[in-house]
Amino acid sequence: MAATPFASGGAQWIWVPAFDDAAAPAQFVSLRKAFHLDRVPDQDVLLHVSADTRYRLYLNGHSLSFGPCKSYAQRWNYETVNITPFLSKGLNILAARVLRFSSTNPGCLSMIRTALPGFILYCDLPGQSIKTDESWKAKLDTAVRLTGPSEWDYRLGPSFLNINERVDGELIDRGYLTPEFDDSSWPAAVEIKSTGKMSPMLDPRRLAPRQIPFLTEEPAKFDGVVTCSGPTTAEEWTALILDEKKVSLAPESIHIVDIEVKALTTGFLDFICDYKGNVKDRPEIELLCSECYEPAFEEGQPRRKGDRTDFRNGTLYGPADMYKPHLGLNQYSPFWFRTFRYVRVTIKTGLEPLVVRGFSYRSTHYPLRVATTIQTSSKLLNSLWDISLNTLKNCMHETYEDCPFYEQNQFTMDSRSQMLFTYILSRDDRLARKTMHEFYASRRDDGLLETHYPNPARCINIPTFSLFWVLMVHDHMVHFGDVHLVKEYLGAVDGVLNYFDRRLGKLGLVGQFDSDSWAFVDWIDGWFEPGKGFLGLAVPPAYWKTGSATFHSLLYAYTLLKAGELCSFVGRHDTAREYTSRQQSLVQAVRRHCFDESTGLFLDGPGATRQFSQHVQTFAVLSGCLDTSVAARELMSKTISRPEDYSMAKASFAMGFYLFRAASEAGVYEESWPILIQPWEKMIAQNLTTWAESESSVRSDCHAWSATPLYEIATEVLGVKQQSKEYLTRLGKDRAEIAVAPRVSLVGDISGTIVVGDGEKDVVSIKWGDGLDVTVESMKDLEISHTKA
């Protein structure tokens, strides 16, 4: 890695003096630097900046950059921005607001922090350089406190984010972003060093340039008012959010208004109000973000959800930000983005009135350029597509996220599906590459990868999730054919597979994992082992009773098939044969010890009488455990159409993706479609605008592992499957790069444009309906095969 601009420019990590990192789970620090220009440069001026943990940087009051992009200590990102458009002749002010999560206290689990706080910046201006050193001013921000785990509502699940704010506006350093602000009372910044004289130790953060584009921050308006109570009317609040007309709130009044966006989204909230009353009697403003209306569970009832828009019978649950305004004009924006479909605004005024002048948000997502589109008269397919797209979009920021509302964690299993969904929509694989490398960097000494990463501490590991990382690498090979990427990761692939090989027991099956590992398979009602706590959830009972879960062996076998292709792709044919041999031994052991002759089904564990799941049957097909296509067809027909006959545990939304794959491979896809798509139809009927996490685990309403319909519509209904030329050539596969096999019976009419390459013309168009036969066209001379499904 080349020297960073910070090192060549002499910039140092700086911070506020006398800082106690353990004083709170998180604290804000403000920093300022003044400089003068005789003239504004004609050329671009690049500024480089980073912080530990997060920063927002301003130049003359303009927001320049928000970062650093999430990653890990050995690849600590910095951002580079062109500041020329924001420079002024004369006095200029750089100002930063930095959020530091403590390294010793629990806090946001999706953000890594090192043992040292800090801020670093370098900019080479004509005739002078701006760099972080002791000439900067720094001050602890005492106006804002982040809520901690003790303030979380644990009825909603574990506390992961801890990003909500309690703000006293009177303590805000108003105007510190502008040149006019007087910072003479602020102390000078101090340099933060981890090394001493003649010490070989380096700073824990190895700085590296940001690998993905900046997130969007697009101004947006709310769509309407759902309910309103208090002296003000819904019409007044509607005029505020749509037409920016002020709302005057009377003294000693309480106002509660529920404001909505039509589809769940992620964004930075912007609330503007004016207060001219008594400092000691200021209003209290609460902004509560929620995913949906749901039945109350104040009396200890189990959490359940139905119609997500049922405001008459439901209530809103979620974390809230609290703000007490200062005298004058207030512009309040929580530092981190929020996830919401509804925002409940509660305002309690004191002896003086409050004027609300604006409430809006800035939509923020990864800037994915979606090149794949569909058009159809089918209301179902349109809803499936649009909701899936919105779900995926809201789970893509600086990482792939499991859910934006509760966790914002990047999990291997989730990310594998999300990447495949992304490849359907766009050839932008930058976030996918970043994700693969981050998990690669999380390798443990036993060969496994961290289950979710980046994270600030050692967390519970789900061993099988490492197998999904191997599948990620295989997926990228198939779609992009990058030889160097495969070579880089093969060593880690070997490590993951060897971990499972060491777990094989006397029966030749994968046995139990370490006692501190989670043998997670899927969120299923009844899959709970008493006395095991959290680790007893979502695990087939057979795992505990027989010492082995068939699913683990079959997922390992399925991954070995894909790993064999990875090895063949780069010429490691001996290793490919070894992996094929391992796969064959596994499926033979499963046939021998886990097949139930009386039902023709595979058991959840060896000798686990009458314990069946769709998961095991699915991966029996995908891993090559069936001798014939007829056997696969019979097995999947029973699995999908008659699970109740065998008391079979049903796959959740996440595992539904693999159930679809097995149905396709077994030749029962079209006949199974009405059953397989039912869970998503139910969610549509319940008025979701993003897909939920699970039916059995009622929590998140936006979980991208459930966005399977994107993949189904593109690759199965339209039937467009792409394989890179490099992949086909190196593996000696005699087939076209683009295979089109539409399933015409599933929709009466449809027109789709599917991206298959990097250029604007690298698309395939397919359509049928209105009396027309299937037509397949491309704007470019692409190698396409067209067959019936």
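This is a predicted model: local features need pLDDT of at least 70, side-chain atom pairs count only at pLDDT 80 or more; totals for chains, interfaces and linings use all residues.
**View 1. The whole chain.** The chain contains 17 helices and 34 strands. Its C-alpha trace spans about 80 × 70 × 60 Å along the principal axes. The radius of gyration is 28 Å, which agrees with the value near 28 Å for a compact globule of 789 residues.

**View 2. The annotated span, residues 371–709.** An unreviewed UniProt entry lists these residues as "domain: Alpha-L-rhamnosidase six-hairpin glycosidase".

**View 3. The crossing of helix 6 and helix 9.** Two packed helices are described by the distance between their axes and by the angle between those axes. Helix 6 covers residues 465–480 and helix 9 covers residues 550–569. Their axes come within 9 Å and cross at roughly 40°. The two helices are therefore oblique to each other, and the crossing is left-handed.

**View 4. Residues in the contact between helix 6 and helix 9.** On the helix 6 side, the contact is made by Leu467, Phe468, Val470, Leu471, Val473, His474 and Met477. Helix 9 contributes Leu555, Tyr556, Tyr558, Thr559, Lys562, Ala563, Glu565, Leu566 and Phe569. Sorted by class, the contact has 12 nonpolar, 2 polar and 2 charged residues.

Notes:
Residues are numbered from 1 along each chain as its sequence is written. Side-chain values use heavy atoms; hydrogens and water are left out. Axes are lines fitted to C-alpha atoms, for helices over the stretch in contact, and angles run from 0 to 180 degrees between N-to-C directions. Helices (H or I, at least four residues) and strands (E, at least two) are DSSP runs, numbered from the N terminus. Angles under 35 degrees count as roughly parallel, over 145 as roughly antiparallel, 65 to 115 as roughly perpendicular and the rest as oblique. A crossing is left-handed if the near helix is turned anticlockwise from the far one by less than a right angle, and right-handed if clockwise. Contact means heavy atoms within 4.5 Å. Ala, Val, Leu, Ile, Met, Phe, Trp, Tyr, Cys and Pro count as nonpolar, Asp, Glu, Lys and Arg as charged, and the others, Gly among them, as polar. UniProt positions are given in the numbering used here, feature names are shortened, and annotations may be inferred rather than shown by experiment. The radius of gyration is taken over C-alpha atoms; the globule rule is 2.2 Å times the number of residues to the power 0.38.
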